Amino acid sequence: HSACQGAWPSLQTLNLSQNSLSDLKMTGKSLFHLRNLNLLDISENNFGEIPDMCEWPENLKYLNLSSTQIPKLTTCIPSTLEVLDVSANNLQDFGLQLPFLKELYLTKNHLKTLPEATDIPNLVAMSISRNKLNSFSKEEFESFKQMELLDASANNFICSCEFLSFIHHEAGIAQVLVGWPESYICDSPLTVRGAQVGSVQLSLMECHRSLLVSLICTLVFLFILILVVVGYKYHAVWYMRMTWAWLQAKRKPKRAPTKDICYD
């Protein structure tokens, strides 16, 4: 209630963290008149569900909403932001369009994929460590055209052939990934669990199993086809039948010679 009309006309930075705020819409409305406010820290309050629409100071650039029990982000978040921290919440996805955003902190949530780059086209740095991220593709990584730092450490990575191939061949990825390589560990498959992503090499059989099986089946089929053609051309069937007949004849027991019977 101290943020009344006319109070703090020149205020640029306000820290209200670790208080008892519970209504995000009311908080924004109470600070709306602070035209020069550009940094607001309201972390470690208990907002929970947030509405779809809110009012904020028009020049707000930095907003810290970490540890505020938010389960889902809405358009209540101001689109003017350049820095947003929503770490340590209950977020499962990030779908906001923030065209001016340069830094995004999503540490300790439940995200399984990277946010859509088209929603945050000017992003320079992002932290998505300690989430449920299993992997990310070359296309997802390269879609962030301005990205300079990406902290995706401490996730449970599935070290698939596609993911490893991308990681090993992407030029300059070591300069972008924060904590590389020691903080990027394979969780599966079991044969490489606990190993660093950057040092894992899967075998040809593991990466191209279906292709190898198809190749083996094709070779077996061609081998059988060649045998059939050669056998037909050189009368191999006739020779085999003759050989079989000869073997059968050879196995027949010889009859004992009959003895002459003498009559008195």
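This is a predicted model: local features need pLDDT of at least 70, side-chain atom pairs count only at pLDDT 80 or more; totals for chains, interfaces and linings use all residues.

Me: Which residues lie nearest the centre of the second largest pocket?

Reply: The lining has 13 residues. T113, L114, P115, E116 and E140 lie nearest the centre.

Me: What makes a residue count as part of that lining?

Reply: A lining residue has an atom within 4 Å of a point of the pocket. By class, this lining has 6 nonpolar, 3 polar and 4 charged residues.

Me: Now T27. Why is T27 called buried?

Reply: Buried means under 20% relative accessible area. T27 has 8%, so T27 is buried. T27 is in helix 1.

Me: What is T27 in contact with, leaving aside its neighbours within four places in sequence?

Reply: T27 is in contact with L21, I42 and F47.

Me: How do you know that G28 counts as buried?

Reply: The cut-off for buried is under 20%. G28 has 0% relative accessibility, so G28 counts as buried. G28 also lies in helix 1.

Me: Which residues does G28 touch, not counting those up to four places away in sequence?

Reply: G28 touches E55 and W56. A contact needs heavy atoms within 4.5 Å. As for P78, its C-alpha atom and that of G28 are separated by 9.8 Å. Along the chain, G28 and P78 are 50 residues apart.

Me: Why is P121 called partly exposed?

Reply: Partly exposed lies between two limits: buried is under 20%, exposed is over 50%. P121 has 40%, so P121 counts as partly exposed. P121 is found in the loop between strand 5 and strand 6.

Me: Which residues does P121 touch, not counting those up to four places away in sequence?

Reply: P121 touches L98, P99 and Q146. The C-alpha atoms of P121 and F144 are separated by 6.7 Å. Those two residues are 23 residues apart along the chain.

Me: What about P51: why does P51 count as partly exposed?

Reply: Use the limits again: under 20% is buried, over 50% is exposed. P51 has 28% relative accessibility, so P51 counts as partly exposed. The place of P51 is in the loop between strand 2 and strand 3.

Me: Which residues does P51 touch, leaving out those up to four places away in sequence?

Reply: P51 touches K25, T74 and C76. P51 and I77 are 9.4 Å apart in space, C-alpha to C-alpha. In sequence, P51 and I77 are 26 residues apart.

Me: Why is W8 called partly exposed?

Reply: Partly exposed sits between buried, under 20%, and exposed, over 50%. W8 has a relative accessible area of 35%, so W8 is partly exposed. W8 lies in the segment before strand 1.

Me: What is the phi of W8?

Reply: W8 has a positive phi of about 50 degrees, although W8 is not a glycine. R130 also has a positive phi, near 60 degrees, and is other than glycine. R130 is found in the loop between strand 6 and helix 2.

Me: What makes the peptide bond from W180 to P181 cis?

Reply: Look at omega: for this bond, omega is near 0 degrees. P181 is found in the loop between helix 4 and strand 9. The bond from S188 to P189 is cis too, with omega near 0 degrees. P189 has its place in the loop between strand 9 and helix 5.

Me: Now the core. What makes a set of residues a nonpolar core?

Reply: Its members are buried residues of listed kinds, Leu, Phe and Val among them, joined through side-chain atoms within 4.5 Å. The largest nonpolar core here has 60 residues. L84, F94, F136, L150 and V197 have the most contacts inside this core. Helix 1, helix 3 and helix 4 each give two or more residues to this core. Helix 3 gives the most, with 5 residues.

Me: Which residues does F94 touch, not counting those up to four places away in sequence?

Reply: F94 touches L73, L84, L104, L106, L111, P115 and I120.

Me: And the whole chain: how many helices and strands are there?

Reply: There are 7 helices and 9 strands. Of the 264 residues, 35% count as buried.

Notes:
Residues are numbered from 1 along each chain as its sequence is written. Side-chain values use heavy atoms; hydrogens and water are left out. Buried means under 20% relative accessible area, exposed over 50%, partly exposed in between (1.4 Å probe, protein chains only). Helices (H or I, at least four residues) and strands (E, at least two) are DSSP runs, numbered from the N terminus. On a 1 Å grid over the protein atoms alone, a cavity is a set of points where a 1.4 Å probe fits but cannot get out, and a pocket is an open set with protein on both sides within 12 Å along at least five of seven lines; lining residues have an atom within 4 Å of a point. Ala, Val, Leu, Ile, Met, Phe, Trp, Tyr, Cys and Pro count as nonpolar, Asp, Glu, Lys and Arg as charged, and the others, Gly among them, as polar.
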